[in-house]
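Colleague: I have this one open on my screen and would like to go through it with you. Could you take my questions as they come?

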2 protein chains.
Amino acid sequence: MFKERFLVTYKIRGCRKDSYAKARDICFEQTVELPDNLVPHGMIREHIIGRIEEFKKYDARCFHAVVSFAAETAGNELTQLLNVLFGNISIKPGIRIEGLQLPGCMLKDYRGPRFGRKGLREYLGVSRRALLCTALKPMGLSGRSLAELAYQCAIGGIDIIKDDHGLADQGFAPFRQRVRLCAQAVRRANRITGGRSMYAANITAPADQITDRARFARECGAGGYLVSPGIVGPDTVRMIAENGALALPIFVHPAFWGIYVVSPDSGISHKVLFGKLSRLMGADAVIYPNFGGRFSFSRSDCVSIVEGASERMGGLKPLFPCPGGGMGLHRVPEMLSVYGNEVIFLVGGGLFTRGAGLVENCRYFRSLVEGEKNIKKHLTKTKNML
Amino acid sequence: MFKERFLVTYKIRGCRKDSYAKARDICFEQTVELPDNLVPHGMIREHIIGRIEEFKKYDARCFHAVVSFAAETAGNELTQLLNVLFGNISIKPGIRIEGLQLPGCMLKDYRGPRFGRKGLREYLGVSRRALLCTALKPMGLSGRSLAELAYQCAIGGIDIIKDDHGLADQGFAPFRQRVRLCAQAVRRANRITGGRSMYAANITAPADQITDRARFARECGAGGYLVSPGIVGPDTVRMIAENGALALPIFVHPAFWGIYVVSPDSGISHKVLFGKLSRLMGADAVIYPNFGGRFSFSRSDCVSIVEGASERMGGLKPLFPCPGGGMGLHRVPEMLSVYGNEVIFLVGGGLFTRGAGLVENCRYFRSLVEGEKNIKKHLTKTKNML
């Protein structure tokens, strides 16, 4: 007992004295929740309380404190790990998690991404180029209309055709009907193109229905799941990811979770939240708003997500970054220069803004990430099918 | 279809022009997620897109926009309701939810608190005075030691003896052993005092274990549940609350959720998050840091939580506010003047800071909310029992 500790880097706002006091407070608040003088001597004082391992200036307003906690405090559960990381101190402004290092004895409790980057490429039959993703929308369309859009996107060569995250089980497009129709439509298109486009169904759902919806989607032939951990809870994603009977690639969406990253002074860094925690949950790809889109992420925020999604974490596979959020097709070349090929480009509304039809726009999207030769092959196969 | 709409009040930072543009953006972002020119005419444009119903200056920096959404967009699910309220816009700084009004056709989908204030009073056999709560801690104690503390607190007349929210299933106090011992200890004390003290077990747990833990706790004779919706997801709380086989009072804890309220400009107001959403989840009491404690909630933040916990919401019962967080016993009289008797006082470490023993301190705590006569009765009953 008490051999291994995990390390959390907190950025703390304040002068040296105040920041150090806050760092010490974190050590108590996140564990014993008692004032120093009430903590019993012996094991609890020696091992349970957090320890400041490092403390240094970060910039003119903030300090970095690396605090270690005994692995045992997190009790082998993602839920309790989150509590030690940011439970009570989420209520205190001016504290932001910037780094997280778990020892091997904790990482072994996590399966991580089932597919990961390599597995997702094999699943989609795409060995090298960047992957393409779009979202079925808008909310309000019928299941039939959404399936027709899905068909056209698959014919146009989009790899991953996902529900918009706002498609749940509303009357205008009930989950079961929509998922059945969309999965069928994409399969039908695949038979024509010879491709392996995937329909990813949104399984963000009530706690007592999410497993059933995932099972239903898989049985219908959906190829993946979309889920919002900020809404269903991160451990619910882990539960789905670890269930072998539900094994499909998982795409996590940032809905309701943005609040953790929007302040530079409070919350959790992009790297830890979208990169590292997504991997602990077992996501295979993480969706987030790209820099220069209609959200406020910076280029370095996005690069840090890629780091968190790929840097070494025991045996956990790297996951795919999936930047989207108001990304027009014209930005693909720039994105390729930032992300390289290890990326999924998510373009939603942007596919409709070019004058040509949806299928043509999808083909154009694909041509941007693919050599001329492959595009011609794809066109020859599908030109008479519409 | 499309007769009823729900109203969300957003506080938006910026000048009039920018704030109005942001309000319009919310109408699209939270529903169709398409730019205006791409939204189809007809039903979607008329009903699905959010509508600005009211727009007015709030203070020198912010405006208030009341936006209405069709009830159908939330599809009768708490998960999708959260998504419409604050899904994508959680990623945009400078937007805060200040109000929420759901029509009857939506509220009827929610059971709300099973016990509520009245039910919890009946359950505990306390008709009028303020209720008393404490937390078993620190993390690191064995189940046996925690049970001994629970026993003393119950002998001392504390109504609700809850696990600290950091007690999960760690090796030093495994869930099953701890819960069995603590429930037994409180029952044993109740036989002596003739009281009805309750042990509330922390069921914040992995998604695939939470229902089992709740069932186990209930079978052991635990009297209530503690759960952190920020960690397990709010709909998981609703699932537990609606399960008749698990029927026990539910106490929700703010761990990992504070980030929604810490900024005055972003997130969700105290009233909506801790008051109204807790009721939708079916919590019977909401724990939050009191003003003047070691967290930064103001007195008016706390009063607004009480409003959200009690104002009319269809047939949903009012829930108990449960302020805690560094609250010493000396503050009880002041608190009574703010909250009146419709409150649960949560004092944790504060029970250890007076020189007397734990039982004496609990009795003193109780005397602060109770007339002399009752205290004497309680003392006579229990004085020879320790």
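Colleague: Which residues touch the most other members of the largest nonpolar core?
Modeller: In this predicted model, the largest nonpolar core has 252 residues, and those touching the most other members are Phe6(A), Tyr260(A), Phe6(B) and Tyr260(B). A nonpolar core here is a set of buried Ala, Val, Leu, Ile, Met, Phe, Trp, Tyr and Cys residues joined through side-chain atoms within 4.5 Å, where buried means under 20% relative accessible area, exposed means over 50%, and partly exposed is in between, with a 1.4 Å probe and protein chains only.

Colleague: And what is Tyr260(A) in contact with?
Modeller: Leaving aside neighbours within four places in sequence, Tyr260(A) is in contact with Phe86(A), Arg96(A), Ser266(A), Gly267(A), Ile268(A) and Leu273(A), and also with Phe256(B), Trp257(B), Ile259(B) and Tyr260(B); contact means heavy atoms within 4.5 Å.

Colleague: Before I go on, what are the ground rules for numbering and confidence?
Modeller: Residues are numbered from 1 along each chain as its sequence is written, and chains are lettered from A and ligands numbered from 1 in the order in which they are written. Because this is a predicted model, local features need pLDDT of at least 70 and side-chain atom pairs count only at pLDDT 80 or more, while totals for chains, interfaces and linings use all residues, and side-chain values use heavy atoms, with hydrogens and water left out.

Colleague: Changing topic, is strand E12 of chain B enclosed or open?
Modeller: Strand E12 (residues 320-324) of chain B is largely enclosed by the rest of the structure, because five of its five residues are buried. Phe320(B), Cys322(B) and Gly324(B) cover one side, and Pro321(B) and Pro323(B) the other.

Colleague: What does it pair with?
Modeller: E12(B) pairs with strand E11 (residues 285-289) of chain B in the parallel sense over five bridges, and two strands count as paired if DSSP finds at least two bridges between them. Within that pairing, Pro289(B) stands opposite Gly324(B).

Colleague: What about the sheet with E1 in chain B, in what order do the strands come?
Modeller: The order is E2-E3-E1-E4-E10 in chain B, an open sheet of five strands with mixed pairing. Its edge strands are E2 (51-57) and E10 (267-268), each of which pairs on one side only. E1 (residues 5-13) and E3 (residues 62-70) of chain B run antiparallel and are joined by nine bridges, with Leu7(B) opposite Ser68(B) in E3(B).

Colleague: Is Arg213(B) buried or exposed?
Modeller: Arg213(B) counts as buried, at 5% relative accessibility, and is found in helix H8 (residues 210-220) of chain B. The side chain of Arg213(B) makes a polar contact with that of Gln209(B) at 2.8 Å; a polar contact is a pair of N or O atoms within 3.5 Å, and within protein one must be able to donate a hydrogen and the other to accept it, while residues adjacent in sequence count only if both atoms are side-chain atoms. Not counting residues up to four places away in sequence, the residues that Arg213(B) touches include Glu77(A), Asp169(B) and Phe175(B).

Colleague: Where are the cis peptide bonds you flagged?
Modeller: The bond from Lys137(A) to Pro138(A) is cis, with omega near 0 degrees, and the bond from Lys137(B) to Pro138(B) is cis, with omega near 5 degrees. Pro138(B) lies in the loop between strand E5 (131-136) and helix H6 (143-155) of chain B.

Terms used
Helices (H or I, at least four residues) and strands (E, at least two) are DSSP runs, numbered from the N terminus.
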